[in-house]
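Visitor: I'm new to this one. Could you walk me through it and tell me how you know what you say?

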Amino acid sequence: MFTGNNNRTYNPRRYPGFLFITLVCLLILYAPLLVVMGYSFNDNLSITKWSGFSLRWYTDVFTGPEAAKFKKAAWNSLSIALSAALVATSFATAAAIGMVRGGAFNGKTLSFGLISIPIMVPEIVTAVAMLIFFSMIGLKLGYLSILIAHIVFCIPFAYLPISARLQGIEASFEEAAQDLYADRWKAFRYVLMPLMLPGMLSGFLLAFIISLDDFIITNFIKGAGVETLPTAIFGAVKQGIKPNIMALSTLMLLFSVLLVSLSYFIGRTDKEKNDAN
Amino acid sequence: MAAAGSGRTVSNTFAPVRNWLLLPTWLTVGIFMLLPIALMLVYSFLTKEFRGGVIWEFTLAAYDQFVFDRGLFGDEAPSIEWTYITIYFRSLVQASMATLLCLLIGFPTAFFIATRSPSTRSMWLFLVTIPYWVNLLIRTVSMKFLIRENGPLNQALLGSGLIDTPLQLINTNIAVQLGLFYSYLPFMVLPIYAAVERYNFSLSEAGADLYAGRWTILRRIVIPAVKPGIIAGCILVFVPSLGAFLAPDLLGGAKTFMIGSLIEEQFKGNAGNWPFGAASAMILLTLVLIALLFYARAQTKEQV
Amino acid sequence: MFKHCVRKSLAVSIGLSAALIAGSAQAEGKLSLYHWFEYIPQELLDKFSEENDVEVTMDTYESNESLLASLKAGKLGSYDLAVPGDYMVEIMANEGLLDTIAEGELANKGNIQPQWVDVPFDNGRKHSIPYQWGSTSFAVNRDVYTGDINTTDILFNPPAELAGKINMLDSQGEVLLMAALHLGMEQCSTDRDKLKALDELLQSAKANWASFGSDVAKDVLVSGDAAAGQIYNGFSAKARAEGANVEYAYPKQGYVVWMDNVVLLKDAPNRDNALKFMDFMLEPENIAAVTNYAQYSAGVTGAEAFTDPELAKQPESAPPEGSAPGAFIAVCDQATQEVYDQLWTRLRK
């Protein structure tokens, strides 16, 4: 009887104070971002004083004296992220099929280790190694060197969700297709790929955001006149956190949130579809 | 992890073309990642050229500079050079502190989220992960703006009468700490969340039936059960914190060097000492590998 | 439906990225500039762009030494022009990083003020043209400290109000020369006792310094992160204009003077446009635009006619009567320089 009583009052999922800590955690995570968002609407040039709501810094981002620089950096960032994520996703998809559907083979662990190297090595080490490598082979630092580096460190980020997805797909689907005399390419193209798509898409998005986010490696191996948004912002911030930087940051922030929400909802629709099946 | 589909028969529908499928990745990572690291190892043993660059002559000078102090003129009897060891030690301490801080806040958060109902759970998780997707540079800059001497935090605290003089946070170790914590907190929350979600709460109930208090249950039953998630979270926070560059540079005033800024200085700054930069990076890589080995060992122990 | 969307978006993104890559490589006339941070108005670059139909790209560096380091780290051949300070012009010429401007290649060479033609770091101006000259000492926030600031003690033996609130330039040449002036010792010294004293001075002063940074030098004063800071005169004037109550010091022990110069880099990919840009910067009106923006002084005859008359009256550009002369940074021989490099390493580590 006594035990039963105890069980009714004790909820193993509830700990006093954990809600409070979670709220503190969210406060720490959001406070700086919200402050910057708020101040990006400040009419005053001096960022420490508030003098009314204004969109002037958003206009400044697009038409101000630094607009051309930011526009170019934004194009570089987007085109590099897009290309790097596409290449990395294709490589990672192939690699995931090889690893998950390739049967048991010697060096599987080694192969997995190789794929995950770019995640495990600290960014600054990757940056140094690539700078030395590019200067040694005489590749002029610039757009291409940044693109190569981004492809390399995007591969594991694209690989993880794709292989996770693939592991959850029964092999019987492609086996059935092959029984019906579909060749391997057709089995992939018409059977496996449609099933893998959500994984490929989240891999692509992850790689895309990781590429957009990168500062350390890009900063090391960028060349003449080629800036990405993070390196351009870093340069500007050194001369003071200006309101236009805050406006630009807010825009990038909203862009990231949009992408995450997109991947979140894709994941959810997919899950619901699976659950319905 | 590597051995896919444990318990399921290994599928091999693509086995004949396996090597072709893996080749692009092998080549890309091999040529542009492994080879450069090998080259970096070679560079760490080369001679520094006056005013930048290297001379292809083998020397241990870079590692010697790391460990020994030979005085201003380089001709004194060598004594142990504490500077770089201190920088690495400080970085280790900073990274450990950041990890600990993330754990203290991240564990309750992850636990709280994992114990919500499935529908609200994903909403909480979404809230915690959003900041992670925001550019790290922007997050660090935001933190710098928030805590600077006449920034919003101090203005709010002064305005509310909680303090009389502004808190001097910027350019201190605390600021770097805060920045690291803020940068990598989601890395701690996610793996712990995944582990708690899988945790079987009837174990806790069994503990309660045996009259264990809730904190004893947490300490003796829950934490050991979700330990792999905790270790994974710690590694995910510790490794990037160790080589962090933005937080020390923007929040620490670049005066107290951490490993990241020390290495950067050798290539981009005034120092221009490539072999020493390569050697410092090699030493950092070694430390990280040790941490990963430790992790791998903890994982295998867990499985036994 | 969902699958269709995904396929479509993938196709669109492939097309888009192909277009972006193609688009990024189309401009015809180009000029690639490697410049100090926050030093040239964007409008002036736009003007040059328009007049000559040339696309100008600019990267920035924050010290003479880091300019040298990155050029030697494989960036030579990517840039057409750089803007090193006096002693760095000499070092870069000795390192073979500079191209020679042949006689007659610059139409406006005659505009160079006579005193800036036969300069010790580039006699006869074979590789460079004058850009701007000014001084480097330090500025002090007068809200924080009201005492005498015209002494290098402010940096090396600071009063209690300033201790721990000083930003130093992340620039080897300027920090080491300032310290040498404080001790009253010569540059490129080989006297071991003096060098040891210099080392000790730097190590003990470091405890009072909050940060090292050149591009942040103005912002730390404006934002209040630092109460005093080593800084260039024009940058200090800009800090004052942005609301910091700072006064620029002319220490009695001396201070650093410098001249930045536009140099033609070796293997410049757009050499013709580079020469055009040099000629452009020798036009009094154009170089005066830099002066009005950065608030230093030009070395071109006739530029005064276009500069803001207020500038000459600024306290930052007018050393008080009877103040000590400024000193240029000297170039040392390799053995001596290695000791100074060691001094810097020991300071920064």
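Guide: Happy to, and keep in mind that this is a predicted model. Let's begin in chain C, where helix H7 (residues 192–206) packs against helix H13 (residues 334–348) at an angle of about 20 degrees, their axes 10 Å apart.

Visitor: What makes H7(C) roughly parallel to H13(C)?

Guide: The angle does: it is about 20 degrees, and angles under 35 degrees count as roughly parallel. So H7(C) is roughly parallel to H13(C). The crossing of H7(C) past H13(C) is right-handed.

Visitor: Which residues meet there, in H7(C) and H13(C)?

Guide: From H7(C) come C:Leu195, C:Leu198, C:Asp199, C:Leu202, C:Gln203 and C:Lys206; from H13(C) come C:Val339, C:Tyr340, C:Leu343, C:Arg346, C:Leu347 and C:Arg348. Sorted by class, the contact of H7(C) with H13(C) has seven nonpolar, one polar and four charged residues.

Visitor: And H6(C) with H13(C): why are they called roughly perpendicular?

Guide: Helix H6 (residues 172–183) of chain C packs on H13(C) at about 95 degrees, with the axes 11 Å apart. The range for roughly perpendicular is 65 to 115, so H6(C) and H13(C) are roughly perpendicular to each other. In this contact, C:Gln172, C:Val175 and C:Leu176 of H6(C) meet C:Gln337, C:Tyr340, C:Asp341, C:Trp344 and C:Leu347 of H13(C). Those residues divide into five nonpolar, two polar and one charged.

Visitor: Now the chains. What makes C:Arg346 and B:Asp69 a salt bridge?

Guide: Their closest N and O atoms are 3.6 Å apart, and the rule asks for a side-chain nitrogen of Lys or Arg within 4 Å of a carboxyl oxygen of Asp or Glu. So the pair of C:Arg346 and B:Asp69 passes. Between chain B and chain C the count is four salt bridges.

Visitor: How many residues do chain B and chain C put into their contact?

Guide: Chain B gives 31 residues and chain C gives 40. Together they bury about 3000 Å², with 49% of it on carbon and sulfur atoms.

Visitor: And what about chain A and chain B?

Guide: Here 102 residues of chain A are in contact with 97 residues of chain B. About 9600 Å² is buried between them, 76% of it on carbon and sulfur atoms. Across this interface, the rule finds zero salt bridges.

Note on methods
Residues numbered from 1 in each chain as written. Chains lettered and ligands numbered in written order. Predicted model: local features only at pLDDT ≥ 70, side-chain atom pairs only at ≥ 80, totals over all residues. Heavy atoms only, no water. Axes fitted to C-alpha atoms, helices over the stretch in contact; angles between N-to-C directions. Helix = DSSP H or I, 4+ residues; strand = E, 2+ residues; numbered from the N terminus. Parallel < 35°, antiparallel > 145°, perpendicular 65-115°, else oblique. Left-handed = near helix turned anticlockwise from the far one by under 90°. Contact = heavy atoms within 4.5 Å. Nonpolar A, V, L, I, M, F, W, Y, C, P; charged D, E, K, R; others polar. Buried area = accessible area lost by both parts, 1.4 Å probe.
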